[in-house]
Each structure stands twice: as structure tokens, then as C-alpha cells.
Amino acid sequence: YKGNASWNGKMGLIGYSEGGYVTMVTQQALQEQYADEFPMGTCVQACAPMEGPYALSTVMADVMKKHEPFRAPYFLPMMLNGYDAVYQKEYDLFAIKNAVKTQVGSTTNFSAYLDQLINNKVTLEKGEQLTDAINHWMSLAMQDPTTFNAPRDILSDEFAALLDGSDNDLYTVLKENDAYVGWFPAVPFKLYHCQEDDLVPFGNGLTAYDAFKAIQPSD
């Protein structure tokens, strides 16, 4: 930048939806691992996560478990891609080939399905949105491709069974990634969440709020 602006050494954190989750875990990382470089209160001034999926092991796991339609099912293969990249070497259950169904209907070749849905090579038609294309390919794994069924319908029986439990490696990893666990913000911190959010349920914000209140240091 060639203008006259310069950084005054202060910053705030803010993000929405997936960015809300990133905002919360970034605040935790800055204050626990990088406080020498980014001192709390002097450099990092405040944090405002909004509408994030903070409660992966509970609220968001419930979304993944339900046999109910969901307006944005594309989130699940996107999430599975991320967890495959990070965890599959340690936990074989997170390998995409184990997480999703390998039989997806009588007229669909699985390699094409896997390439489209899982490997981020979705072919877009003119004017088509990526999320719409993913939803279409997800529908091929569902009993009735003409309707929006649950995101769960793309999961293998083995992965879905783990998702239904709470004493296994899948639950452990999701719990480790709950954004609010085991820490308390060291700067002014405001959570924003719409009670009517039908994509990232309000329970995420409420769960995080209750967790922070439970461990709030006394003045």
C-alpha cells in the first residue's frame, strides 16, 4: 500500500458463519500461543464471533445425525474433505472412502460421484453455484434424488454408526474441535447468533455462551 495509512498495533477479530468459528479459535490461539507477539488488551482489543458452528460434537453432530431435510446439505462433504486432509493419517475413519457410501444408485458410476462430490472437482454449468452442484451430486446418494433428504444419507453405515455414538474416535475429534472448550477470552468478547438461523443452529451460540459463563473468572 502506497498511501499514508499505517497500522497502530491494534486489532479486533470478527467473522461470520464458518468465519465465526475461525474467529473464536483464532482468539484462543492468539492468547494461548502467540500472546508475546500479539499481546491481549494492547494489540488484540476485542473479539466478536457471529453465527459460528462452535459446538461440533453436539449441536452440529445432531444436524449430521438427523434423518431430516436440510437446506444446505453441501456443508457435510466440505467438512469431510477438511477432516480427511487433517486426520485421515491418524484416524482411518476420516478417509473419504470410508466416510461416504460407495454405492450411490443404479445409474451412477462411483468414481465419477466421488470425483464430483468429494474431490472438489464439481463441474459447473453456466450460472450454476458450487453449492447447488454439490447438492445435486449429494442427491444421487439419496433414496429419492428428486427431494432434499438429510446430509446423513451420503454417509457410509459405519461412519453414521460412529456419529450416533459418543465413545469413539469420531466423537473425540469433534469434541477436540469444539471452539469454546477449555479457555476463556482475555479481551472484550461478544457472541452474536440469530435464534432463527436454520443453517447454523442457535444452539451453537448458546452452548458456547453457557460454557464461557461456567468458567468465567471471578473479578
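User: What does the side chain of Ser156 reach?
Analyst: The backbone oxygen of Asn98, at 2.7 Å. Bear in mind that this is a predicted model.

User: Where does Ser156 sit?
Analyst: Ser156 is in the loop between H6 and H7.

User: Is Ser156 buried or exposed?
Analyst: Buried, with a relative accessibility of 7%.

User: What is Ser156 in contact with, leaving aside neighbours within four places in sequence?
Analyst: With Asn98, Ala99, Val100 and Lys101.

User: How far apart are Asn81 and Ile96?
Analyst: In sequence, 15 residues. In space, 7.1 Å from C-alpha to C-alpha.

User: Switching to aromatics. How many aromatic pairs are there?
Analyst: The count is 11 aromatic pairs.

User: Take Tyr91 and Phe94. Why is that pair edge-to-face?
Analyst: The ring centres of Tyr91 and Phe94 are 6.2 Å apart and the planes stand at 80°, so the pair is edge-to-face. The cut-off for that class is over 60 degrees.

User: Are those two residues buried or exposed?
Analyst: Tyr91 is buried, at 14% relative accessibility. Phe94 is buried too, at 3%.

User: What about Phe184 and Phe212, what kind of pair do they form?
Analyst: An edge-to-face aromatic pair. The centre-to-centre distance is 6.2 Å, with 85° between the planes.

User: Which parts does that pair tie together?
Analyst: Phe184 is in the loop between H8 (169–176) and H9 (203–214), while Phe212 is in H9, so the pair ties together parts 28 residues apart in sequence.

User: Which residues do ring pairs link into a cluster?
Analyst: Tyr83, Tyr87, Tyr91, Phe94 and Phe159. Tyr83 and Phe94 also belong to the largest nonpolar core.

User: Now the strands. How do E1 and E2 run, and how many bridges join them?
Analyst: E1 (residues 11–16) and E2 (residues 44–50) run parallel. Six bridges join them.

User: What stands opposite Met50?
Analyst: Tyr16 stands opposite Met50, which is in E2.

User: Which unit do E1, H1 and E2 make?
Analyst: A right-handed β-α-β unit, with H1 spanning residues 18–33.

User: Where is Thr23, and is Thr23 buried or exposed?
Analyst: Thr23 is in helix H1. At 6% relative accessibility, Thr23 is buried.

User: What lies 3.4 Å from a polar atom of the Thr23 side chain?
Analyst: The backbone oxygen of Ile14.

User: Which residues is Thr23 in contact with, beyond neighbours within four places in sequence?
Analyst: Leu13, Ile14, Gly15, Cys47, Ala48 and Pro49. Of these, Leu13 and Cys47 are among the members of the six-residue core.

User: Zooming out, how many helices and strands does the protein chain have?
Analyst: Nine helices and two strands. Along the sequence the pattern is β-α-β-α-α-α-α-α-α-α-α.

User: What share of the residues counts as buried?
Analyst: 41% of the 219 residues of the protein chain.

User: And of the contacts between residues at least 6 apart, what share joins residues at least 24 apart?
Analyst: 70% of those contacts in the protein chain.

Methods:
Residues are numbered from 1 along each chain as its sequence is written. Side-chain values use heavy atoms; hydrogens and water are left out. Two strands pair if DSSP finds at least two bridges between them. Helices (H or I, at least four residues) and strands (E, at least two) are DSSP runs, numbered from the N terminus. A crossover is right-handed if, with the strands pointing away from the viewer, the path from the first strand over the helix to the second runs clockwise. Rings of Phe, Tyr and Trp (its six-membered ring) pair if their centres lie within 6.5 Å; planes under 30 degrees apart count as stacked, over 60 as edge-to-face and the rest as tilted. Buried means under 20% relative accessible area, exposed over 50%, partly exposed in between (1.4 Å probe, protein chains only). A polar contact is a pair of N or O atoms within 3.5 Å; within protein, one must be able to donate a hydrogen and the other to accept it, and residues adjacent in sequence count only if both atoms are side-chain atoms. Contact means heavy atoms within 4.5 Å. A nonpolar core is a set of buried Ala, Val, Leu, Ile, Met, Phe, Trp, Tyr and Cys residues joined through side-chain atoms within 4.5 Å.
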